[in-house]
Amino acid sequence: MDFKVTPWDVEGLVDYDKLIVEFGTTPLTNELLEKTKELTKSELPLYFRRKFFFSHRDYNLVLKDYEEGKGFFLYTGRGPSGPMHIGHIIPFFATKWLQEKFGVNLYVQITDDEKFLFKPKLTFEETKRWAYENILDIIAVGFDPDKTFIFQDSEFTKIYEMAIPIAKKVNYSMAKAVFGFTDQSKIGMIFYPAIQAAPTFFEKRRSLIPAAIDQDPYWRIQRDFAESLGYYKAAAIHSKFVPGLMGVEGKMSASKPETAIYLTDTPEEAGKKIWKYALTGGQPTLKEQREKGGNPDKCVVFKWLEIFFESDDKALIERYHACKGGELLCGQCKRYLIERVQNFLREHQKRREKAKEEIEKFKYTGELAQEQWNKSIPEALRD
Ligand code: TRP
C-alpha cells in the first residue's frame with residue numbers, strides 16, 4: 001500500500017475505494033443519500049452530495065430506526081491537541097445538518113486525556129486549555145443547545161463507570177491488532193479505547209457517528225462487544241480527509257502551520273497563506289497554462305472549493321472545465337477561494353466570540369447526565 005491510515009497518522013494519496021475494502025466498511029450509496037433526502041425533506045448539503053462522506057456502517061439501519069420511530073442519537077468528538085483548522089470543522093457542519101434535520105441529541109467528546117497520553121510533548125494543562133479553545137469552535141458551528149451535550153473527559157469522570165464494563169470485554173491482543181500497540185505503549189493508551197467507545201452507550205438506541213474514517217478502528221471493536229452488553233452496535237458515516245495547502249496527499253495537519261488554515265487565523269493571515277502556499281495543478285508558465293490547461297484533480301484550491309467553499313454545483317463544474325481548457329489561471333482561482341475562506345472566517349469568529357457566553361448551556365455534567373445514565377444502564381450492566 002502506498003498510503004497509510006491509522007487514528008494517529010495519515011500518509012500518502014489515500015485510495016478511498018481500497019480503504020473501504022481494507023476496513024470492511026460499506027460505500028455510502030446514492031440510494032442511501034436519496035433516502036436521506038426523502039426522510040429529511042431537504043436538499044443534501046455538498047459534503048453528502050459530493051461524497052466527501054463516502055462510506056458507512058449500518059447507516060441504513062439508522063434510517064430504518066428513524067422511520068420506525070425508534071430514533072437514534074449522534075456522537076462525535078475532538079482530540080484537543082492544538083488549534084482547530086478548517087479540516088477539523090467540516091465534519092461538525094455535517095453533524096449539525098444531521099442534528100437539525102433529524103432533530104436528535106448529539107454528544108461531543110473532548111478527549112483531553114487522549115491527547116495528553118498519546119502526544120509525548122503535550123502537558124495535561126495544555127490539552128485542557130485546548131479543550132476550552134476547541135469547544136468554542138464547536139459551539140460556533142451552531143448546534144442546538146437543548147440537544148447538544150459537550151463533555152471533556154477529565155471533567156466528566158462519570159464516563160469511567162461505562163468504560164469499565166467495556167474494558168473487561170476487550171483483550172490486549174485485540175487492541176494490539178486494531179491499534180498497533182507495542183510493549184512501549186503507555187498503559188493509559190491501552191485503556192483509552194474504552195473511553196472513546198463509552199459514549200456509544202449514552203442512550204439506549206443506535207448511535208450514529210459522523211467522523212473522518214481514521215476513527216473507524218474504535219467503532220470496529222465497539223461493534224464486537226456492544227450487543228453482548230445489551231447495547232446497539234455503533235453506526236458510522238465516514239468522511240475523507242481535507243488536504244493541506246501543500247498538496248492533495250495526506251491531511252491538513254495542525255503541526256504544519258503552513259499547510260493549515262486555523263479557525264483563529266485572521267482573514268488577512270489566511271489569505272496570505274493560501275496565496276503563498278496553496279499548491280495548484282497549474283503549468284509553469286502562462287503560455288503553457290493557456291495551451292495545455294491546468295489539472296484541477298491535483299489542485300488544492302479546487303479540492304477546497306469542492307469539499308466546502310463552493311456550494312453551487314454548476315459553478316464548480318464550469319470551473320473544472322475552464323481550468324482544463326486553459327481559460328482560467330491559478331491566480332484567479334486562488335483569489336476566489338481566498339474571498340470565500342475570509343468570509344467564512346469572519347462569520348465563524350463572530351460566532352466564536354459569542355460562544356464564550358454560551359459554554360455552560362452545552363456542558364454535559366450533573367443532573368441530566370445522572371438521569372440519562374440511569375435510564376440507559378441495562379440490568380445486565382448493573383451487576
Ligand atoms: N480520537 C478523536 C481525535 O483524536 C477524538 C474523538 C473522541 C472522536 N470521540 C470521537 C472523534 C468520536 C470522532 C468521533 O480527534
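**Entry 1: contacts of the ligand**

I began with E114, where a polar side-chain atom lies 3.0 Å from a nitrogen atom of the ligand. I kept in mind that this is a predicted model. Next I looked at Q196, which places a polar side-chain atom 2.9 Å from a nitrogen atom of the ligand, and at G79, where a polar backbone atom is 3.0 Å from a ligand oxygen.

**Entry 2: the shell around the ligand**

I found 15 residues surrounding the ligand, and the closest of them are Y75, G79, Q109, E114 and Q196. Sorting the shell by residue type, I got five nonpolar, seven polar and three charged residues.

Which element gives the largest share of this shell? I traced that share to β5, which contributes four residues. The elements that give two or more residues to the shell are β5 (73–78), α6 (112–118), α10 (187–197) and β8 (207–212).

**Entry 3: two residues with positive phi**

I turned to the backbone and looked up K41, a residue other than glycine whose phi is positive, near 50°. K41 sits in the loop that runs between α2 (30–40) and α3 (46–49).

I also looked up D58, which is not a glycine either and has a positive phi of about 55°; D58 belongs to the loop between β4 (53–57) and α4 (59–67).

Is D58 buried or exposed? I recorded D58 as buried, because its relative accessibility is 17%, under the 20% cut-off. K41, by contrast, I recorded as exposed, because its relative accessibility is 75%, over the 50% cut-off.

How values were computed:
Residues are numbered from 1 along each chain as its sequence is written. This is a predicted model: local features need pLDDT of at least 70, side-chain atom pairs count only at pLDDT 80 or more; totals for chains, interfaces and linings use all residues. Side-chain values use heavy atoms; hydrogens and water are left out. A residue is near a molecule or strand if one of its heavy atoms lies within 4 Å of it. A polar contact is a pair of N or O atoms within 3.5 Å; within protein, one must be able to donate a hydrogen and the other to accept it, and residues adjacent in sequence count only if both atoms are side-chain atoms. Ala, Val, Leu, Ile, Met, Phe, Trp, Tyr, Cys and Pro count as nonpolar, Asp, Glu, Lys and Arg as charged, and the others, Gly among them, as polar. Buried means under 20% relative accessible area, exposed over 50%, partly exposed in between (1.4 Å probe, protein chains only).
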